[in-house]
Amino acid sequence: MLPLDGAWQARLDPIDSGVAEGWFDPDVPFDRTLPVPMPWQVADPALRRYAGVVWYRRPFVMPSDWDGASIAIRFGAVDYQATVWVNGQEVGSHEGGYTPFELDATEHLRWGEPNLVTLRVYDPPSVGELPHGKQGGRWYTPVSGPWQSIALIARPTERVERLRCHPDALRGTVRVEIAVQVGDEPRRLDVAVGDPSGGSTVAHATTLVSARAPTAWVELRIPEPRLWEPDSPHLYDIRATLSALDGGATLDVLEERFGLRTIESSGGRLLLNGRPLYVRGALDQAYWPDTLYTAPSDEEIERELRLAKEMGLNLLRKHIKPEDPRYLDAADRLGMLIWAEPANPTVFTAAACDALRRDLLAMIERDFNHPSVVVWSLYNEDWGLPSLWADPEKQRWLAELYREVKASDPTRLVCDDSGWAHVVTDLNDYHEYYAAPERIERFRRRLDFIAEHPADNFAQGHLPVGEPILVSEFGNWALPNPRDARQRSGGADPPWFAYDRSYTHALGLPPPRPENPLTERIKTIAGFEERFRSLGLDTVFETTDALIDQVQRRAFRSLKAQIEEMRIRPSIQGYVATEFSDIEWEANGWLDYWRQPKRFHRDLADLNAAVAVIARPERPNVWGGDPVVVPVHVANTTSRTIRGQVHWQVAGTELAGEIPITVEPYRVTTSLPITFAAPDDRPRLARLDLELRDGGGIVARTYAELAFAPFLVGLVDGAPANGNLLDRVFRQRLERQGYRVPRGFDSAIPLAIATRLDEQLRAYVEAGGRLLCLAGSTSEGADLADLRFRGLSTAESWRMASGTAWARADRLAPAPVSSELGWEVAELFPTQVIDAECLQPGDEQLAGWFEGWLANPGALALLRTVGKGRLLVTTFRFEDHYGLDPVATLLLNRLVALLQEA
């Protein structure tokens, strides 16, 4: 092989006149140089917004010892349409941006003098019918041009074309399909399996092939087989040798590597090599900040995979991008399962279906022997299959494609449409984006529904047949610091900071159809520091570093809550978190875009461990002296029985104990609950630490977050308060805590508590009264205070999962509230915010909310001067919790106290 990577001459062809003008002629001047492999969007900053035609060329000299061979040029991947000339003569073309192709150039080569290869690439501005995944549109920077390696290869006329290995780990065998190209004479074919660890041949077979029978099958039994698994990724070499029948010279040799690995499903479980597999995965979109689709080096690939294993992951879902084979080679060596997906088009037409099928089958052909690849997806979230839920034509197409793929590759699982609207599939997977812990109850109910009603995830007229259930997308944003991205980009904003959908494929064409403006806004990084100051967040966090730290703490809390809920449910066979690393503006990665760990990196290994201990307090907030009850679950996804103890301690106290537990292999077990009396000394946030120990060693660890407060601290000393607009139960709870609430309205009482605003209350405040308006369930009367409310989703919401809540914990003390508003406010968390656009000078935000890169901000508790009085509006939902929950009780009392301050 002669690599042709490096600097290529290049020339733009914006009006597509190059073919007519003969730009494949060596005498035509080219005016720039572009590196190969590299998408042109990053090879030359001037081309970042360019879609259309670019020409490439480079000279080469044939190796002298290749004389007499068949010579081809091999392209790893060129996005999108490629036409190739050698020495001015066209040798072929190819369409499709993700898979390899070879073009025979033998007849057009010159020996002993320079040759010239010319490549014309066309990547059109309109890509709806083309498999393109998340290139452009409302997603990320497009990719165009040769983004994988180009090489010249010498091939004998008679040769081994391919090897396909069908391993059976349970039998210790491998069936091998060998395709050859030979002449009229029959040939001998020797197939040998070697073990690299021992350097010896462990199995061998011989067969005959001919032009009339160019495909052969052999089965080899491997003695004392070593299986390929994530923890022990053993690889075997396989060699096919083509030779003459008379024992003459070898004609060709083709070598591959494979692993003895079987993946299947049975009884709602995934089985790897016959044993249950619990998926602990992450979505990986496989973009790189400086090179986009092109991995910067083999070392960076290996580093990324080692980081994934450090996090406790055993699978990466390569999201709608056929991955570079170099990556799969590394996954084979290091032991990382891969869920592979083609890039999807966005429309359903005959051309779009043909293009997707072409790329899908080419990906399967290329990657067939990689043991790391265990799942093929066909589509993602019905992108390219709109209305799949009820459209018989699209359902038939998807079912036919599934059957074709299963026939082509019976050794792997196939997911027909990842996320929903399944038709016929080996996996029943779901995409579920929730904010937690504030929406954790909705998430729990959703998981229970999924387990009980798997048919709900299937398209009309189709039913499940016991497929394993996975949640293959979920996640929350964990912003990195934009300053770091600037430093790594030479001090300037990277171009993707200014999210602008028109930059993606722009040749004077209109931008793609806009989506919800609230969703659009979360994607813009540019101006982050200015928004930090203009929103007053500098008075809350002082520095952007402090804000980023809080966002990442909050993100991990949310991830932990959701993963633990999935792990305690035996019906769910695993999860794939969104996502492994950030990508441009999308900041839900566990690593940043440059694959640098975020603050919770060390905690991920415990969260994703093969054995997990999970604590779920019955109530996170407990009055002092009341019982704290914490059920403990252990999820064991290993083949060994665990006999040990759960050791627990409330951090910083002498409250501690241990609980014996036995957990069988591949089971979830619930122990006796941890119980103790809540401390009664002061309001506090607390952490319950747990360790599962087996034979003296720590098998797993976790923690639960709690809040305690003495009951007497929640009482007030007979404070009078108007509450005539409150319902009876809430009014009685206020009275039970010590407020004196008259049945009518008394303007002489300086304090009022209401759940809505009316003209009387507005006049009362303007005259000097103090009003606490509890807007947890209504926005009635908001216009009287020049306020506007915006809803926060209580259901599944990708945008909500990008959000961050914050609080002035110092101002809200002694209420035990953290600055990131965690478990202590989960039950009273708002369903609406006060829109920041209606904030006025002098307003004080005591708690707030933003989404993405400081977009869609709002207040959760706002203190405002109105006339001679003061108005405090909050959207926390106190009505059902005050007087019962210690945090709700102390928090409302503190808001009253803030109102009454001078």
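This is a predicted model: local features need pLDDT of at least 70, side-chain atom pairs count only at pLDDT 80 or more; totals for chains, interfaces and linings use all residues.
What is the volume of the largest pocket? About 1800 Å³. Residues are numbered from 1 along each chain as its sequence is written, and side-chain values use heavy atoms, with hydrogens and water left out.

First, confidence. pLDDT is the predictor's confidence in each residue, on a scale from 0 to 100. The protein has a mean pLDDT of 94, and 98% of its residues reach 70 or more. Over residues 502–512, pLDDT stays under 50. For that stretch the model has 26 contacts (heavy atoms within 4.5 Å) beyond four places in sequence.

Now back to the pocket. On a 1 Å grid over the protein atoms alone, a pocket is an open set of points with protein on both sides within 12 Å along at least five of seven lines, while a cavity is a set where a 1.4 Å probe fits but cannot get out; lining residues have an atom within 4 Å of a point. Points are joined across faces, edges and corners, and the volume is the space filled by probe spheres set on them.

The largest pocket is lined by 49 residues, and nearest its centre lie Arg74, Glu102, Glu256, Pro325 and Arg366. Among the elements giving two or more residues to this lining are strands E9 (101–104) and E21 (250–258), and helices H3 (325–334) and H4 (350–367). Helices here are DSSP runs of H or I with at least four residues, strands are runs of E with at least two, and both are numbered from the N terminus. E21 supplies the largest share of the lining, six residues. By class, 22 lining residues are nonpolar, eight polar and 19 charged. Asp, Glu, Lys and Arg count as charged; Ala, Val, Leu, Ile, Met, Phe, Trp, Tyr, Cys and Pro as nonpolar; the others, Gly among them, as polar.

What about enclosed space? The whole structure has ten cavities of 30 Å³ or more. The largest cavity has a volume of about 100 Å³. It is lined by 15 residues, with Pro480, Asn481, Ala485, Trp496 and Trp594 closest to its centre. That lining divides into nine nonpolar, one polar and five charged residues.

Last, salt bridges. A salt bridge is a side-chain nitrogen of Lys or Arg within 4 Å of a carboxyl oxygen of Asp or Glu, and by this rule there are 69.

Take Glu441 and Arg444, whose closest N and O atoms are 2.4 Å apart. They sit three residues apart in helix H6 (residues 440–452), so about one helical turn separates them. Glu441 is partly exposed at 41% relative accessibility, whereas Arg444 is buried at 15%. Buried means under 20% relative accessible area, exposed over 50%, and partly exposed in between, with a 1.4 Å probe and protein chains only.

Arg444 also forms a salt bridge with Glu565, at 2.9 Å between the closest N and O atoms. Glu565 lies in helix H11 (residues 544–567) and Arg444 in H6, so this pair ties together parts 121 residues apart in sequence. Glu565 is buried, at 3%. These three residues belong to a network of salt bridges that also includes Asp448, Arg569 and Arg616.
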